[in-house]
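Here is a short report to read alongside the model. Keep the viewer open and click along as you go.

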Protein chains: 4
Amino acid sequence: MSKVPGPIVLMEPLSGKTSLIIKINAIHVSKRSKYQGILIVDTDDYGRTLVLDDYIQSSYYDEIYYHESLVHPAVTTHPRPSDVLILGGGEGATLREVLKHNTVKRAVMVDIDGDVVELSKKYLPQMHQGAFDDPRSEVRIEDGFVYVENALKRGEKFDVVIMDLTDPYSSDIAKQLYTPEFFGKVKRLLREDGIVVTQAGNSFYFPEAYDYVLQGVKGNFPIIAEYSVWIPSFGYAVNFVLGSLKHDPHSLSAEEVDKRLSERGVRAEFYSGKTHIALMNMPVIKKILRV
Amino acid sequence: MSKVPGPIVLMEPLSGKTSLIIKINAIHVSKRSKYQGILIVDTDDYGRTLVLDDYIQSSYYDEIYYHESLVHPAVTTHPRPSDVLILGGGEGATLREVLKHNTVKRAVMVDIDGDVVELSKKYLPQMHQGAFDDPRSEVRIEDGFVYVENALKRGEKFDVVIMDLTDPYSSDIAKQLYTPEFFGKVKRLLREDGIVVTQAGNSFYFPEAYDYVLQGVKGNFPIIAEYSVWIPSFGYAVNFVLGSLKHDPHSLSAEEVDKRLSERGVRAEFYSGKTHIALMNMPVIKKILRV
Amino acid sequence: MSKVPGPIVLMEPLSGKTSLIIKINAIHVSKRSKYQGILIVDTDDYGRTLVLDDYIQSSYYDEIYYHESLVHPAVTTHPRPSDVLILGGGEGATLREVLKHNTVKRAVMVDIDGDVVELSKKYLPQMHQGAFDDPRSEVRIEDGFVYVENALKRGEKFDVVIMDLTDPYSSDIAKQLYTPEFFGKVKRLLREDGIVVTQAGNSFYFPEAYDYVLQGVKGNFPIIAEYSVWIPSFGYAVNFVLGSLKHDPHSLSAEEVDKRLSERGVRAEFYSGKTHIALMNMPVIKKILRV
Amino acid sequence: MSKVPGPIVLMEPLSGKTSLIIKINAIHVSKRSKYQGILIVDTDDYGRTLVLDDYIQSSYYDEIYYHESLVHPAVTTHPRPSDVLILGGGEGATLREVLKHNTVKRAVMVDIDGDVVELSKKYLPQMHQGAFDDPRSEVRIEDGFVYVENALKRGEKFDVVIMDLTDPYSSDIAKQLYTPEFFGKVKRLLREDGIVVTQAGNSFYFPEAYDYVLQGVKGNFPIIAEYSVWIPSFGYAVNFVLGSLKHDPHSLSAEEVDKRLSERGVRAEFYSGKTHIALMNMPVIKKILRV
């Protein structure tokens, strides 16, 4: 580990006009993979932090809020989630949350960048907490787009698909996984009561990108949920879009959520029946522009 | 109005280790009042913005989220709010929201800094929208602490007290208004079914200050609600603490909230029955520190 | 005057990879003229400061170093400077230095931006110190390029031409005044023993732009002097290029310089015979790149 | 070597009110030694760069200007420099320049921080260029203060002492080596025609610290030279103070300097007879403050 002694800071762009400046205490990893820049650093405010290209992906002190919000509303809404596909999610925390549901028999995680996975294993143990070694886990280093194409050919089916990718506006890596066409393929990969959920960047700073993702899901799924949670190290509330073919997350009561979590052995820190109700009722935050 | 042509930015400290850097397009006001620095600037991301000392207080593109969240949960929870006291709130937007409830007969706003009020009248019309001229409004330029002392002596009573002050950690101006003793005085100023609500800074970056305010309210009020909303120009989700002597905001249904808003003629953009349910169920965001 | 109370800073780019961040205390002027952004601000480190577009042009605490270095080597090298033309120099400090030489009968200053001149008169009195009111001064708000063309047609002649323009790489305003062709016109505008001098940006961060200016002067003048002086508020040592048709500044002794300054009544703070020797002997600072 | 992929910058304080922000491309070393933080990074503008605590010490693209200016005026002014002592100078570049004078029989370099020396050997080969392996070199990891005390007891003598320490205002490490008392000890360590030279920080941003060093030298040496050179990666012109017991650097002609360099086999890139004349004649840059 290399302690950073001096005045080194991370400048994270929130938009072209606003940035977050974060003091760095130590740099564990700084390399350029085949696909992107990878930084693993220590910060006072957020603890150990993974940065891909210019953007913080997750940090020790707040990743719980992100990963639980990404995974549990969708997986809990599904009455019997057995097969779950994760696109992206290289640091293993999304996989960790998925595996908490003991109904899950198979959790496939497909990340294009093997370096992110390997470096996370080594430097971000709190993220994966052994998830990569779970016998139900199947980790593939592969383009998610290609995986989905081939899985469709093989006739594979999933109950839940979770998209934990970099933002559509931050780089080109994940762009083709946010198109309406791709959400159509995800729909065909799901069983008839399947659910997809994706992080969708930020609706305040990047409303067009958010609406693009939202429309892509809406065009393919009859039931939609939009929700958001403030993630301190992102500098904003991240938006999520959930598309469902049959089960509506809005109709779950807090009691039913808590009952399912309990039955499935899920212990979460942030997510609960109450949190589910909060997420399902909170409006999306956008700029209020008046004439 | 003075357009800023060049490379001028606002550096807003979120903590001692993290700052927000925001491009400024125009500076309308920059003066030092008797109490604090006052800046009114234009930014791309947040529109026109009021800054007191180092901290953004409110901005055109997101003030709705802050002011509606501060005012409506408390005022709507009260079944017949007639007399409302606002401590702080110099830009007039909190007063604007209070006056939307047509049950309100008297709305007293007490701000220590007359310069903030006068400059807001001139440069922030979207904030007050004429609230200062409403016949029910009573605007006093006075220390809120002194006002409360004297109002107690005069035997005045209020249904709701709303504290819209600068953060306890940002300056000394408002410090004595966050003590347990002061919340005790506020309690005595309320009718027997009264409600207080205060903004409480940020529980992620300043957990001690937040807990101090929370304990001060808890020590004086039997019913407590904690809630938070991400405010983009603050760089964080602001926390609110509500203390109630009789009415519990958690027991209001979304339908009841919508009914009251409709009966009282309140038109809000963010707040609604659904939003109320979200706020009352969302956990507070704190650092997750593991050993 | 508007005191800036809060956390406002100026970000001055030295290159695309390095910037200077400067705390601002007050903003006196911030407007966009027909040609450029104009800022007049107060800073702790540099005092009152003029910024055009993104770049500091001059500041109270160090402008002496810039303006004396621009004017006196050329004007002192000329044995009897009577007619001096200044291109740019809107804040009046270059004119102020030229007029110190009592041999000067006519000092024409041509600046394209009348707003810079008017605002400097009002907010930067230490810069001009009444130079605009000197009966020998002739201030024209006009494109320097056009002025030179017309002056050639009118058959006007000058002893010294001083180019005090924005950098060739900072904006397009001054670009056509740095071409080899333009230096050819300047040469024709000079008497047969005339001298031209221009600021030439920075040879470390922008070597190509510097060399372009240098070659333009070299292509037209038999005698060349390159020199540079560190200007704190610029963040670098500014380069100057002097072209002379007959008199060589390198052959002036310190004693001769001091004698001329004394005879002409010039009182300077930085420039002297010793300083002249220093400037004429100091190598240009460039990046040392090794294989 | 670790390539930094993302948005990492170095914030170098020039003063409490002004900072330099520098984009970093790679981090080779970041550790905290017993005495200070040590960073070795790559930057676009300055190449490979050594940072101790918050301050850049030297960088590949401009170190020549610093190290030649520190060493050659003093060593060249001495007619027969045989024994040279360097206090500080851990990266080996000062030693490299000293050894270029073939009159030098013994060059003792005393740096308190062995980590700086070892890391420089490995990551900054262009700095030392084998100087550590020269048979005339004697490298000691020791407090310079203690070394001087003991050398005095042992009766050792030097012709030139070169102080290449961190700034008096940047940290406490070097503070006791800038006192008038210490310059008195240095004087006693010198032969009767000895010379001392020290870098002295910056006279514009830190005039008091500069004057303190200057007075310390003046109080002990009859002949004084002040000079300065702009070092791009420092963001300022660094000041040097030279104290001499007999030989006056001001009285050396350019020709004599060039003759000595040639006789001693010194090949320098920046320093020459002309440069010597420039340095000896250039005034010190200070803030021009008017009432």
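## Ground rules

A residue is called buried when its relative accessible area is under 20%, exposed when that area is over 50%, and partly exposed in between (1.4 Å probe, protein chains only). Tyr205(B), for one, is buried, with a relative accessible area of 8%.

What you have on screen is a predicted model, where local features need pLDDT of at least 70 and side-chain atom pairs count only at pLDDT 80 or more, while totals for chains, interfaces and linings use all residues. Residues are numbered from 1 along each chain as its sequence is written, chains are lettered from A and ligands numbered from 1 in the order in which they are written, and side-chain values use heavy atoms, with hydrogens and water left out.

## How the chains sit together

Contact here means heavy atoms within 4.5 Å.

Which chains do not touch? Chain B and chain D are one such pair, with their nearest C-alpha atoms 13 Å apart. Chain A and chain C have no contact joining them either, and their closest C-alpha atoms also lie 13 Å apart.

## The largest pocket

The largest pocket has a volume of about 670 Å³. To find pockets, a 1 Å grid is laid over the protein atoms alone; a pocket is an open set of points where a 1.4 Å probe fits, with protein on both sides within 12 Å along at least five of seven lines, and lining residues have an atom within 4 Å of a point. Points are joined across faces, edges and corners, and the volume is the space filled by probe spheres set on them.

The lining has 30 residues, and the closest to the pocket centre are Met11(B), Ser19(B), Met11(D), Gly16(D) and Ser19(D). Among the elements giving two or more residues to the lining are strand S2 (8–13) and strand S3 (18–32) of chain B, and strand S3 (18–32) of chain C. Strands are DSSP runs of E with at least two residues, helices are runs of H or I with at least four, and both are numbered from the N terminus. By class, the lining has 13 nonpolar, 10 polar and seven charged residues. In that count, Ala, Val, Leu, Ile, Met, Phe, Trp, Tyr, Cys and Pro are nonpolar, Asp, Glu, Lys and Arg are charged, and the others, Gly among them, are polar.

## Inside the protein

Which residues have the most contacts inside the largest nonpolar core? They are Ile162(A), Ile162(B), Ile162(C) and Ile162(D), in a core of 218 residues. Such a core is a set of buried Ala, Val, Leu, Ile, Met, Phe, Trp, Tyr and Cys residues joined through side-chain atoms within 4.5 Å. Leaving aside neighbours within four places in sequence, Ile162(C) contacts residues including Leu70(C), Val84(C), Leu87(C) and Val197(C).

Asp164(C) lies in strand S10 (residues 158–164) of chain C and is buried at 10% relative accessibility. Beyond four places in sequence, its contacts include Tyr66(C), His67(C) and Glu91(C).

## Residues worth a click

Tyr205(B) sits in the loop between strand S11 (190–199) and helix H7 (207–218) of chain B. Its contacts, again skipping neighbours within four places, include Asp45(A), Trp230(A) and Ser15(B). Ile277(D), in helix H9 (residues 273–281) of chain D, is buried at 17% and touches Ile277(C) and Asn281(C), among others.

Is Glu208(D) buried or exposed? Glu208(D) is exposed, with a relative accessible area of 62%, and lies in helix H7 (residues 207–218) of chain D. Finally, Gln129(C) has a positive phi of about 50° although it is not a glycine, and is partly exposed at 44%.
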